[in-house]
Amino acid sequence: VSEVHVAAGSLRGAVLNPAADGRLQVWPCAEVRWVGGRISEVVACDGPADRVLLPGFVDLHCHWPQSHVRGQFGGQLLPWLRGAIWPAEAAFADPSVASARAEAFLAELLRAGTCAGLLFGPPFLDASLTLLERAPRGFFDGPALMECNAPDALLAPVASTLDQLATVAPEVRRRLVVSPRFAPNVTAAGLDACGQVATRWRLAVQSHLSENLDEVAWVRALFPEALDYTDVYDRSGLLGPRTVMAHGIHLSERELARLAATGTWVAHCPTSNEALQSGRMPLERLRAAGVSWVLATDIGAGPLLSQLDAMRAFVEIHRGFADATATEALARATVLPGQFLAQLDPACAGLGTLTPDAPAHVVALPLPPGHAGPRTSDDAEALLRAMLHSPRANLETLPCEVVCWGRTVAGA
Ligand code: GUN
Ligand code: ZN
């Protein structure tokens, strides 16, 4: 898919270009141009703009086999997994289900403006390979590794699934993510095997950490030898700058310090935390500890595929507790997760920005009524907030056009 580039193209609008240092570059009106799938230049033009151009979103925590069962909540994490999610994922053992769902999911995700990301698959390697065949470059995926404490239909020895990676073609293997589902589903030996394989093939790692208090208590009972939940992964060599741990809500100071020291990333999923009543992630404590973090949807606990909904929830949930601007939310949904993926694939350099040589991923959104193209960073913050306050259900279909690797994948 990614190899089929439109030779050249452009879009015009008010441009917001987030930088990793938290600054936002703004143009009241500019033309974003691209050639061969990469941005060539951004040129100021005479307004008025009627659209806002943002970089394509990047989502580092999203379960694609849960997309069709979003919004089914019957309590907190563990009963929801057992009652709704695990039975839904078991169906992906059937290759025709996996390929149909992979196709439908990717179309919906691109429609929502997400052009790259780290995906969590069902517990079947073939299903993840099916998705990767169809996904543009910049998407990474791993089967949820599960070998205990779940229904038999989902279980397989983790070491033997990992052995199969040796038979996968190297250009596909580097897009695979070592994905122990969470500590309760993998033995200590299985986690050790995950750490060894991730090191051997230099693969990304993803899992879940400290999302829910019942989950934390379960992990303590299953791994009495570990210092805490974070240490369960740490002892197996699973922390580091190529690791994304989802949630990180109920962590001690020791655990936060370990995540910061190892350069491990936390995927903060505010819509999921809201839906499963997991608690508010203590943003101010992660900041004080110096932990790297991004915003993610956690589909299907998060009910919408749009990173705009995660940005909206972020601004609302932390109000009164921590400084949480829409401008920061944009950077955490684009350029920062883009930097994570750039470690895995040099073609992802510049991902999540609208700067020359970056992948040509552009989302065009309607300029909210009463707003002109922004001139200052305060204007841009007000504009972003107005966009996030569209009726929630509309956020997924708000983009009027989405461009991925220079190709229009949604809209006119
Ligand atoms: N912990 C283990 N598996 C899952 C999952 O699928 N979703 C969420 N939110 N948490 C998990
Ligand atoms: Zn998750």
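**Close-up views of a predicted model**

**View 1. Arg51 and its surroundings.** Leaving aside neighbours within four places in sequence, Arg51 is in contact (heavy atoms within 4.5 Å) with Leu11, Arg12, Gly13, Ala14, Ala364, Leu365, Leu367, Cys400 and Glu401. The model is predicted: local features need pLDDT of at least 70, side-chain atom pairs count only at pLDDT 80 or more, and totals for chains, interfaces and linings use all residues. Residues are numbered from 1 along each chain as its sequence is written, chains are lettered from A and ligands numbered from 1 in the order in which they are written, and side-chain values use heavy atoms, with hydrogens and water left out. Arg51 belongs to strand E4, residues 51-55. Helices (H or I, at least four residues) and strands (E, at least two) are DSSP runs, numbered from the N terminus. The side chains of Arg51 and Glu401 make a polar contact at 3.5 Å. Within protein, a polar contact is a pair of N or O atoms within 3.5 Å, of which one must be able to donate a hydrogen and the other to accept it; residues adjacent in sequence count only if both atoms are side-chain atoms.

**View 2. The shell around ligand 1.** Residues with a heavy atom within 4 Å of a molecule count as near it; around ligand 1 they are His63, Gln66, Leu77, Trp80, Leu81, Arg181, Phe182, His208, Glu211, His247 and Asp298. Helix H1 (residues 77-90) gives the most to this shell, with three residues.

View 3. An oxygen atom of ligand 1 is 2.9 Å from a side-chain N or O atom of Gln66. For Arg181, an oxygen atom of the ligand is 2.7 Å from a side-chain N or O atom. A nitrogen atom of ligand 1 is 2.8 Å from a side-chain N or O atom of Asp298. The protein covers 100% of the 280 Å² of accessible area (Shrake-Rupley method, 1.4 Å probe) that ligand 1 has on its own.

**View 4. Two backbone features.** The peptide bond from Ile299 to Gly300 is cis, with omega near 0°. Gly300 is in the loop between strand E12 (292-295) and helix H12 (307-317). Asn149, a residue other than glycine, has a positive phi, near 60°. Most residues other than glycine have a negative phi, and most peptide bonds are trans.
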